[in-house]
Amino acid sequence: MTATAPARPCSWAGDFQHEALLYLTDEEYLGTTVPFVTEGVAAGESVLVAVPEPRLSALRDALGDAGRHVSFADMALLGANPAHIIPLWRDFLDHRRPARSVRGIGEPIWAARGSAELVECQRHETLLNVAFAGSGTWRLLCPYDAGALDPSVVDEARRSHPVVIEHGARGANADCHPLDAMSRPFDVPLPPAPASAVSHDFTADNLSSVRRFVAGRAAALGLLPPRLDDLMLSVQEMANNSILHGGGAGVARGWSDADRVVFEVSDQGRIVDPLVGRQRPSVDIDHGRGLWTANQLCDLVQVRTFESGSVVRLHVRLDG
């Protein structure tokens, strides 16, 4: 069982306790997560467990009767697109506070994640600190299977969690990045588009041609309605953003990648809000609606901003 002595988080963390559990065995996993949940239930807290199978069933079974007071979600389904996870936690907080305290377990990263999803999951883990800094007192425990994951993934977990639990001990993490670094625009390079990618330049004068380009190219790559319609709308939203905020022009590219169709839109603008597309837009603010829409319709959305401009890459699986 993990020691429960309070850890002193990074100075920026405030009352939000974002903790990484680096486990090696099933016994270590359950030996930490079960007491974490039962402690919350005993204290009358609202508890949400969002982990993938088979961990979800194992934890539910181990909790026994206490599990009746816990909300469960399969992270492999709700977090398939990592941009959906922060809104999940936001909704959980908003619907239970200030009446009840909250704690949760979220495991967005596992060994079977694809490389593109993994990078976006790591970005998600970093942005949790930005999204919930100053949000009040609550705890979020993020398990990592340190025995199955690449060591570089575990190292990255240390950079995004102010508190780490390892080998039965819980303590403050000196390797965690400062909050201002986490808040900067994301500039980790994307893999280059393949030579087979087809490009289409657009401006305000031919903006309507973007939908025709996407429809023709995506259909040729095997994408069918209704996912074809989802992709057309998403690319069109990104092209509209390029006209409004990206210098008045942009380039759309499309290609196939194994089991998915990928389109990207690049322009000369800069996307400075680190949480854009991961926070539900306010009814009276237009900012962020396009990326929010794309994240609801696509299986994965990758956002990057460089000195030369920005690119948004949209993934839609062929199997629907």
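Biologist: Is Ala-111 buried or exposed?

Modeller: A word first: this is a predicted model. Ala-111 sits in the loop that runs between β4 (102-106) and α5. The cut-off for exposed is over 50% relative accessible area. Ala-111 has a relative accessible area of 53%, so the residue counts as exposed.

Biologist: Let's turn to His-124. Is His-124 buried or exposed?

Modeller: His-124 belongs to helix α5, which covers residues 115-132. Buried means under 20% relative accessible area. The value for His-124 is 1%, so this residue is buried.

Biologist: What does His-124 touch, not counting residues up to four places away in sequence?

Modeller: Start with a distance: His-124 and Ser-160 are 36 residues apart in sequence, with 9.4 Å between their C-alpha atoms. The contacts of His-124 come from other parts of the chain, not counting residues up to four places away in sequence. They are Pro-82, Ile-85, Ile-86, Pro-108 and Arg-278.

Biologist: How are helix α1 and helix α2 set against each other, roughly parallel or oblique?

Modeller: Helix α1 takes in residues 26-42 and helix α2 residues 55-63; their axes come within 10 Å and cross at roughly 55°. An angle counts as roughly parallel under 35 degrees and as roughly perpendicular from 65 to 115. The crossing of roughly 55° therefore makes α1 oblique to α2.

Biologist: How many nonpolar residues does the contact of α1 with α2 have?

Modeller: α1 passes α2 in a right-handed crossing. From α1 the contact draws on Asp-26, Tyr-29, Leu-30, Thr-33, Val-34, Val-37 and Thr-38, and from α2 on Arg-55, Ala-58, Leu-59, Ala-62 and Leu-63. By class, 2 of these residues are polar, 2 are charged and the nonpolar ones number 8.

Biologist: Now for helix α9. What span is expected for α9 at 1.5 Å a residue?

Modeller: Helix α9 covers residues 227-245, which is 19 residues. From its first C-alpha to its last, α9 reaches 27 Å. That is close to the expected span, which is 27 Å.

Biologist: Which elements do the buried residues of α9 pack against?

Modeller: α9 has a list of buried residues, including Leu-228, Leu-231, Met-232, Val-235, Met-238, Ala-239 and Ile-243. Arg-227, Ser-234, Gln-236 and Ser-242 are also among them. The buried residues of α9 pack against both helices and strands: β8 (198-203), α8 (209-220), β9 (249-257), β10 (260-267), α10 (289-297) and β12 (309-317).

Biologist: Is α9 roughly parallel or roughly antiparallel to α10?

Modeller: The axes of α9 and α10 come within 9 Å, and they cross at roughly 160°. Angles over 145 degrees count as roughly antiparallel. So α9 is roughly antiparallel to α10.

Biologist: How many charged residues does the contact of α9 with α10 have?

Modeller: Here Arg-227, Asp-230, Leu-233, Ser-234, Glu-237, Met-238 and Asn-241 of α9 meet Gly-290, Leu-291, Thr-293, Ala-294 and Leu-297 of α10. By class, 5 residues in this contact are nonpolar and 4 are polar, while the charged ones number 3.

Biologist: Which residue does a cis peptide bond join to Pro-54?

Modeller: Pro-54 is placed in the loop between β2 (46-51) and α2. The cis bond has an omega of about 5°, and the residue joined to Pro-54 is Glu-53.

Biologist: What is the phi of Ala-258?

Modeller: Most residues other than glycine have a negative phi. Ala-258 is found in the loop between β9 and β10, and at 76% relative accessibility it counts as exposed. Although Ala-258 is not a glycine, its phi is positive, at about 60°.

Notes:
Residues numbered from 1 in each chain as written. Predicted model: local features only at pLDDT ≥ 70, side-chain atom pairs only at ≥ 80, totals over all residues. Heavy atoms only, no water. Helix = DSSP H or I, 4+ residues; strand = E, 2+ residues; numbered from the N terminus. Buried < 20%, exposed > 50% of the residue type's maximum accessible area, 1.4 Å probe, protein only. Contact = heavy atoms within 4.5 Å. Expected span 1.5 Å × (residues − 1). Axes fitted to C-alpha atoms, helices over the stretch in contact; angles between N-to-C directions. Left-handed = near helix turned anticlockwise from the far one by under 90°. Nonpolar A, V, L, I, M, F, W, Y, C, P; charged D, E, K, R; others polar.
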